[in-house]
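Work through the following exercises with the structure in view.

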Amino acid sequence: MPCGLAYPMHRLPSQSIVNRFRVASLLLLAKWLLVPTALATLVWAVLHRDKLMTVISGGIALVVIIVTIIQWIIANRTRCPLCLTPSLAKKNCSKHRNARRLLGSYRLRVALSILFRGHFRCPYCGEPTAMEVSERRRHHH
Ligand SMILES: [Zn+2]
């Protein structure tokens, strides 16, 4: 635990669950990058009446659909260790009063925090969780 941290973070029960959070975050980020790309190529294709670009934008749109489905399946299994709500899935549950959004999305904020800072704050219960496996204390000092 790094010094200066005011409160201890929660941890995840196993490495496979840590990986699951990372994969769900990556897929969410991929979706956020692919949707504008698909729209941009579609606009380009329409403006220039470019058949190849139409096919490419259709291909990207197909990838977006596949990524969305896989992300949905994995995200529903990324449960916050505290409130057991899937933090990376779209839920209509009420959010914590301190929960903040990024570009209008709670999930995007959680995903970026997991990928770049190694921890996240659950938007539902407001508790912080580190991307680390909780270990049983072996020694008592
Ligand atoms: Zn929670």
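Predicted model: local features only at pLDDT ≥ 70, side-chain atom pairs only at ≥ 80, totals over all residues.

**Exercise 1.** Determine whether the end-to-end distance of helix 2 agrees with its number of residues.

*Solution.* Helix 2 covers residues 51–75.

**Exercise 2.** Classify A61 as buried, partly exposed or exposed, and state which residues of helix 2 are buried.

*Solution.* A61 belongs to helix 2. Inside 10 Å, A61 has 16 C-beta neighbours. A buried residue needs 20 or more, and an exposed one has 12 or fewer; A61 therefore counts as partly exposed. In space, the C-alpha atoms of A61 and V35 are 7.4 Å apart, although 26 residues separate the two in sequence. The buried residues in helix 2 are S57, Q71, I74 and A75, and their cover includes helix 1 (15–48).

**Exercise 3.** Describe the phi angle and the exposure of L84, then of L103.

*Solution.* Most residues other than glycine have a negative phi. L84, in the loop between helix 2 and helix 3 (106–117), has a positive phi near 65°. With 11 other C-beta atoms within 10 Å, L84 is exposed, because the limit is 12 or fewer. L103 also lies in the loop between helix 2 and helix 3, and its phi is positive, near 50°. L103 has 7 C-beta neighbours inside 10 Å and so counts as exposed.

Key: Residues numbered from 1 in each chain as written. Helix = DSSP H or I, 4+ residues; strand = E, 2+ residues; numbered from the N terminus. Expected span 1.5 Å × (residues − 1). Contact = placed C-beta atoms within 7 Å.
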